[in-house]
Amino acid sequence: MENPRSTARIGGHPIHPMLVTVPIACFVGTLLTDIVYWQTAEMTWANFSAWLVTVGVIVGILAAIAGLIDFLWGRKIREQPTAWLHMAGNLVALVLSFFNMLVHTRDAWTSVVPTGLILSALVVIILLFTGWFGWSLAYRHHVGVADETT
């Protein structure tokens with residue numbers, strides 16, 4: 001039986017897993033810089049958080065588009081209950097991150113404490129679960145994994 005294939009790909013490589021690393025790193029970085037700002041009140045950390053969450057949202061939208069293309073055009077992918085959880089959780093994380101981006105446009109202290117910090121933590125917690133689901137799709141259900149034929 002052939003593995004579920006990724007529709008959005010470049011040179012045979014799925015685009016979605018290539019892109020998701022950037023928003024994941026940015027959203028985890030946002031949480032870390034929010035925590036440092038909360039502890040130090042050093043403006044630089046609030047600025048880092050604002051930039052990280054903004055880049056994370058922009059690239060996250062691109063990753064979501066690639067993932068949605070795979071999901072909509074891949075019947076075998078849609079048949080996986082894990083794919084639905086992965087997609088729904090990541091959409092929630094992206095929406096929360098968008099609001100977090102708006103929160104981070106305020107003055108430094110009010111951009112981070114407490115709302116920005118809470119949103120950053122929620123997003124990272126959600127990403128732990130959705131990352132597990134994404135891992136499951138790739139390594140258990142072989143979504144987007146090329147068949148080895150030589």
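Reply:

Helix H7 gives 8 residues to the lining of the largest pocket, the largest share. The model considered here is a predicted one. In volume, the largest pocket comes to about 820 Å³. Its lining is made up of 34 residues, and those nearest the centre are His16, Val20, His86, Asn90 and Gly134. Two or more lining residues come from each of helix H1 (15-19), helix H2 (21-40), H3, H5 and helix H7 (115-139).

The aromatic rings may be taken next. Across the whole structure, a search finds 6 aromatic pairs. One of the pairs is formed by Phe71 and Trp84, with 4.7 Å from centre to centre and 85 degrees between the planes. This pair is edge-to-face, because planes over 60 degrees apart are counted in that way. Phe71 belongs to helix H3 (residues 43-73) and Trp84 to helix H5 (residues 81-103), so the pair ties together parts that lie 13 residues apart in sequence. H3 and H5 are also among the elements that give two or more residues to the lining of the largest pocket.

The two partners may also be described by their accessibility. Phe71 has a relative accessibility of 6% and therefore counts as buried, the cut-off being under 20%. Trp84, with a relative accessible area of 44%, is partly exposed. Elsewhere, Trp132, Trp135 and Tyr139 form one aromatic cluster.

Definitions and conventions
Residues are numbered from 1 along each chain as its sequence is written. This is a predicted model: local features need pLDDT of at least 70, side-chain atom pairs count only at pLDDT 80 or more; totals for chains, interfaces and linings use all residues. Side-chain values use heavy atoms; hydrogens and water are left out. Rings of Phe, Tyr and Trp (its six-membered ring) pair if their centres lie within 6.5 Å; planes under 30 degrees apart count as stacked, over 60 as edge-to-face and the rest as tilted. Helices (H or I, at least four residues) and strands (E, at least two) are DSSP runs, numbered from the N terminus. Buried means under 20% relative accessible area, exposed over 50%, partly exposed in between (1.4 Å probe, protein chains only). On a 1 Å grid over the protein atoms alone, a cavity is a set of points where a 1.4 Å probe fits but cannot get out, and a pocket is an open set with protein on both sides within 12 Å along at least five of seven lines; lining residues have an atom within 4 Å of a point. Grid points are joined across faces, edges and corners, and a volume is the space filled by probe spheres set on the points.
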